[in-house]
Amino acid sequence: MNNINEILYALMGTGFTFFATALGSAMVFLFRNDIKASTQRVFLGFAAGVMIAASVWSLLIPSIEMAKEQGKVSFIPAAGGFILGGAFLLILDRFLPHLHIGTNEVEGISSNFKRTTMLVLAVTLHNIPEGMAVGLAFSLAAQSAETGAFMGAIALAIGMALQNFPEGAAISLPLKKEGFSNKKSFIYGALSGIVEPIAGVITVIIASSVVGVMPWILSFAAGAMIYVVVEELIPEANLGTHSHTGTIGVMAGFLIMMILDVALG
């Protein structure tokens with residue numbers, strides 16, 4: 001029964017973040033033009049800041065504390081899972097064909113995928129660790145009788161939703177520019193976020209099936225998120241130059257996520 005509750009909680013949290021992506025994708029019905037480059041930098045920076053703060057407060061610190069409670073050397077699960085999470089995203093990044101918005105350079109193995117498909121896959125890469133993180137936070141909330149655990153999970157979901165909204169618009173609007181209809185652009189943009197509930201539920205099932213593995217899974221999600229931040233979000237926020245808007249976005253995202261986590265959690 002507890003396992004069912006954890007899955008339901010994970011679905012609730014990741015469903016909320018998925019809804020934010022879909023809502024952002026719906027902006028394609030309101031705007032004709034693509035998002036300005038300066039605005040895009042702010043959004044990318046904001047997403048990076050949120051993910052950095054979430055990795056520390058919502059994942060690594062709980063991983064260390066949980067390992068201590070289990071009588072383990074606290075830093076081993078945190079460090080080991082962090083490395084594995086980064087390696088996992090590195091493998092996906094190297095092999096999954098994808099194309100980042102604003103570039104024509106295809107990453108991953110060569111394929112016959114359409115350009116639009118690879119644009120969606122690039123965003124999907126970001127959403128895997130986000131789904132893992134939110135799913136785990138709500139899974140822990142289901143296990144705890146303390147209100148703080150649930151509020152902390154809500155804080156993380158709000159933070160992720162805040163950066164998923166512009167992310168949804170950032171995929172649907174360029175798809176419209178590629179020649180897709182409003183409806184098709186919205187569907188593709190929304191579907192880029194469906195991986196969050198999937199990744200969240202799968203992660204929770206694995207974590208609840210193996211005794212003592214939760215600290216490793218928490219830090220795994222943190223490592224995966226930090227990989228995305230350093231490899232993709234921050235470089236794209238700066239676009240090869242020193243970008244004040246991108247930097248401000250990172251700091252704002254970090255600050256808001258930190259306040260949400262500390263105030264609510």
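View 1. The model shown here, as in every view, is predicted. Six residues form the patch on the surface: Ile187, Leu191, Ile194, Ile198, Ile202 and Ile206. Which helix gives the most to the patch? That is H7, with three residues. Take a look at Ile202, which is found in helix H7. With a relative accessible area of 46%, Ile202 is partly exposed, because the label "buried" needs a value under 20% and "exposed" one over 50%.

View 2. Now zoom in on Leu156. Leaving aside residues up to four places away in sequence, Leu156 touches Ala54, Ser58, Ala133, Val134, Ala137 and Met257.

**View 3. Ser74 sits in a loop between two helices.** The loop that holds Ser74 lies between H2 and helix H3 (75-95). Is Ser74 buried or exposed? Its relative accessible area is 18%, so Ser74 is buried. Apart from residues up to four places away in sequence, Ser74 touches Ile64, Ala67 and Lys68.

**View 4. Three aromatic residues form one cluster.** The cluster is made of Tyr9, Phe138 and Phe150. A pair of aromatic rings is described by how far apart the centres are and by the angle of the planes. The model has six aromatic pairs in total. In one of them, the ring centres of Tyr9 and Phe150 are 6.0 Å apart and the planes are at 70°, so this pair is edge-to-face. Tyr9 is in helix H1 (residues 2-25) and Phe150 in helix H5, so the pair links parts of the chain that are 141 residues apart. Tyr9 is partly exposed at 30% relative accessible area, and Phe150 is partly exposed at 28%. Phe150 also pairs with Phe138: the centres are 6.2 Å apart and the planes at 90°, so this pair is edge-to-face too. Here the link runs from Phe138 in helix H4 to Phe150 in helix H5, 12 residues apart. Phe138 counts as buried, at 4% relative accessibility.

Notes
Residues are numbered from 1 along each chain as its sequence is written. This is a predicted model: local features need pLDDT of at least 70, side-chain atom pairs count only at pLDDT 80 or more; totals for chains, interfaces and linings use all residues. Side-chain values use heavy atoms; hydrogens and water are left out. Contact means heavy atoms within 4.5 Å. Helices (H or I, at least four residues) and strands (E, at least two) are DSSP runs, numbered from the N terminus. Buried means under 20% relative accessible area, exposed over 50%, partly exposed in between (1.4 Å probe, protein chains only). Patches are made of residues with over 30% relative accessible area and no salt bridge: like charges are joined within 9 Å, nonpolar side chains (Val, Leu, Ile, Met, Phe, Trp, Tyr) within 5 Å. Accessible areas come from the Shrake-Rupley method with a 1.4 Å probe; for residues, only the protein chains shown count as cover. A salt bridge is a side-chain nitrogen of Lys or Arg within 4 Å of a carboxyl oxygen of Asp or Glu. Rings of Phe, Tyr and Trp (its six-membered ring) pair if their centres lie within 6.5 Å; planes under 30 degrees apart count as stacked, over 60 as edge-to-face and the rest as tilted.
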